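Notebook open, structure on screen. I want to look up some surface charge first and then a few helices.

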2 protein chains.
Amino acid sequence: MYNKKTKRIYFDYAATTPVDKTVIDAMLPYFSQKFGNAMSIHFFGKEAEEAVDKARETLADFLHCKSDEIIFTSGATESNNLAIKGVVKSYWANPPAGGWKPHIITTAFEHHCVLETCQSLEKDGLAEVTYIKPDREGIINPLDIKKAIRKNTILVSIMYVNNEIGTLQPIEEIGKILKSYPVKSDDHGASKLKAKILFHTDATQAVNYFDCDVEKLDVDLLSLSGHKIYGPKGAGALYIKKGTPIRRITDGGDQEFSLRAGTQNVPGIVGLGKAIELVAQNAKRETKKIEKLRNYLIKKVLQEIPNSKLNGSLKFRTPANANFTFKDVEGESLLIALDMEGIACSTGSACSTGSLEPSHVLLALGMKAEEAHGSLRITLGKDTAKQEIDIFITKLKNIIKHLRKISGKVLEEYYGLK
Amino acid sequence: MYNKKTKRIYFDYAATTPVDKTVIDAMLPYFSQKFGNAMSIHFFGKEAEEAVDKARETLADFLHCKSDEIIFTSGATESNNLAIKGVVKSYWANPPAGGWKPHIITTAFEHHCVLETCQSLEKDGLAEVTYIKPDREGIINPLDIKKAIRKNTILVSIMYVNNEIGTLQPIEEIGKILKSYPVKSDDHGASKLKAKILFHTDATQAVNYFDCDVEKLDVDLLSLSGHKIYGPKGAGALYIKKGTPIRRITDGGDQEFSLRAGTQNVPGIVGLGKAIELVAQNAKRETKKIEKLRNYLIKKVLQEIPNSKLNGSLKFRTPANANFTFKDVEGESLLIALDMEGIACSTGSACSTGSLEPSHVLLALGMKAEEAHGSLRITLGKDTAKQEIDIFITKLKNIIKHLRKISGKVLEEYYGLK
């Protein structure tokens, strides 16, 4: 929806979404009327607990699991930290005889909260980690996961949809492969596999558009976040399949089946529940609408802007995402110029904004550092209108022409080149 | 405020408070209008970042520190986990030559999120911990802290106000003692003290009523929570004095000066800021009013109920708290009976509700298990009215009479005693 008053266009729905009005309405009573602590055993507590339980059931229905397999957290970053560190912590709480170090498989283009969690475990000597590279289209090959399995592999963590380039990963296929472990026969050196391999997926960017049935996906752990799905910031969840060996990483009270201490954020949890309810109701219709707009956007950009390129597979991709590289254009300059024209996009994850590093996602795809510096991520949402895309294309054309002229001049002046 | 319609009385403000209307109004625009991700570099992001910065300044003013010494978290449990584990993590990131294990001093009656954090560090072999007992009045003797200091003591963590019995701890005095370390002279065996001793206080229950000037208190770390001060659940903060050796415990993006990864909960942070603003404006007036009501309540209970006893010092106590033991009355039965009459109180911390253990706080005061089972916590708030206390006293008298009759009968029937 193009805001005529502010003349601003929001194309950064992957960074965060506005909270849906229905969600706000659902949350409001829990701030000052039904404000109890969900752990209190009196009326006010029970009222809050019932709301938390209802949200838990909504999430369980959506993910096709039991409600006591849902843990509410403060967001996907915490969920991902809990999933990975919690499994490793459980391992070290009862290390098997022989004292082997556990091994984790993840990808080179995960969100920072998975990557840095894995790196911190490596640094602390608590785990070995293999980082699998996607192909040039931004897709992980399930066979690469299979090949990476070692005797000490205890966990595989693969994102469902990449947050920068929007590519869809073959979670179901990987789930099937992992299900067959531990194996008895000699298979890729895993014949003496010492533990069941747990499978975690960060579904933060997938929930709006893809099936998150944990049984179909064959995952043991799944993370999601409220504020990417028109729900509130500060609310997320982790699905933990019953029987999964995991320990909490935040110590304290007995909340969330003793797997996450801290007073439950009741309004946030209620809002997350309502947001999931809306996804379940509207996903199909919205997916179609958004995909159509996104395809129009991609077509127009590639048509109208010379030397432009779409990053990542078009086929295996979330309908909301477009990610381009424009030759001889620096991403951050482009972003700032667009912002000055009232259009909000991003170069990649909001979490690493300000960093001067080129996108680790694009590097993982095999792009060179200077190319990876020049990307633009446009992510659409349920309020996006065709008119906004047309305005964007017109402005983008002018800006890129201008930036290329400058960059040409700079080259000319400094190096006598053109 | 006595709710005539529901006929319900809320006496559990220490478990959680209703969000103030002014706070809700401050938060609302950040859900769906100014909804940006505070890390995004475009207009929507800057708008959110400005709100976060403003809240940070409000907290810094309140605590008398610099705004970049404030880290926003999901609540006090996370703040306490970060303070304690973060300091220990920093120690182990660069352990000094000789490889000594760090030592922490805390109290036996801290909130579970401090106690269990310390216990988990002990279990993981990362720290030694001394748990200091309060006196029978529920006050920690600063000399006991001094005596407990070892050469390897790196952190002291003492709550400002106890959450169950409301007793005020001599934080300033302890701060002064710790400031003099490391010492050159031979002093309590600490002559070869190997590190500066950091001082952390969990101020969750203190913020409403006591001075939280971190300079006066001489603390390096201070935790607080939104939902105990008429702000939102899911929002808290940790003050970290500049230069404090600490590492983050949640890995991921660069939010909060790289000390706490995860998209900032902008509405929650804005709400926390507004709640602190209200405390700064109204604390003195409210403290007086609430203390008067609380003193009336204590006087009436001790007068009207035979064999009743106030737990914890009356002099060194938050104005909002009363905690009683009634002879021959089991706390949970009393709680349930009061709840059926529309009065919400608690036996202790909401975080350990459902636990059959006697209160660790009352045990730490030297009470016997059966006595510690029989406590009732009444915590008042800014909406409490005298009428509510009068209703409470009348109902409490009847309930206790009834419960004592039953317990007498039970004793008679089972043991032939009376």
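A salt bridge here is a side-chain nitrogen of Lys or Arg within 4 Å of a carboxyl oxygen of Asp or Glu. Asp and Glu count as negative, and I place each charge at CG of Asp or CD of Glu.

This is a predicted model, where local features need pLDDT of at least 70, side-chain atom pairs count only at pLDDT 80 or more, and totals for chains, interfaces and linings use all residues. Residues are numbered from 1 along each chain as written, chains are lettered from A in the order written, and side-chain values use heavy atoms without hydrogens or water.

Chain A: I found a surface patch of negative charge made by Glu50(A), Asp53(A), Glu57(A) and Asp61(A). Asp61(A) sits in helix α3, residues 43-63; helices are DSSP runs (H or I, at least four residues), numbered from the N terminus.

Buried or exposed, what is Asp61(A)? Asp61(A) is exposed, at 59% relative accessible area, where exposed means over 50% and buried under 20% (1.4 Å probe, protein chains only).

I then checked Arg56(A), also placed in helix α3 of chain A. Arg56(A) counts as buried because its relative accessibility is 6%. Its C-alpha lies 9.3 Å from that of Ala237(A), 181 residues away along the chain.

Chain B: I looked up α4(B), residues 76-93, and found 15 of its 18 residues buried. Just after α3(B), I noted His64(B) with a positive phi of about 60°.

Technical notes: Patches are made of residues with over 30% relative accessible area and no salt bridge: like charges are joined within 9 Å, nonpolar side chains (Val, Leu, Ile, Met, Phe, Trp, Tyr) within 5 Å. Accessible areas come from the Shrake-Rupley method with a 1.4 Å probe; for residues, only the protein chains shown count as cover. Helices (H or I, at least four residues) and strands (E, at least two) are DSSP runs, numbered from the N terminus. The expected span of a helix is 1.5 Å times one less than its number of residues.
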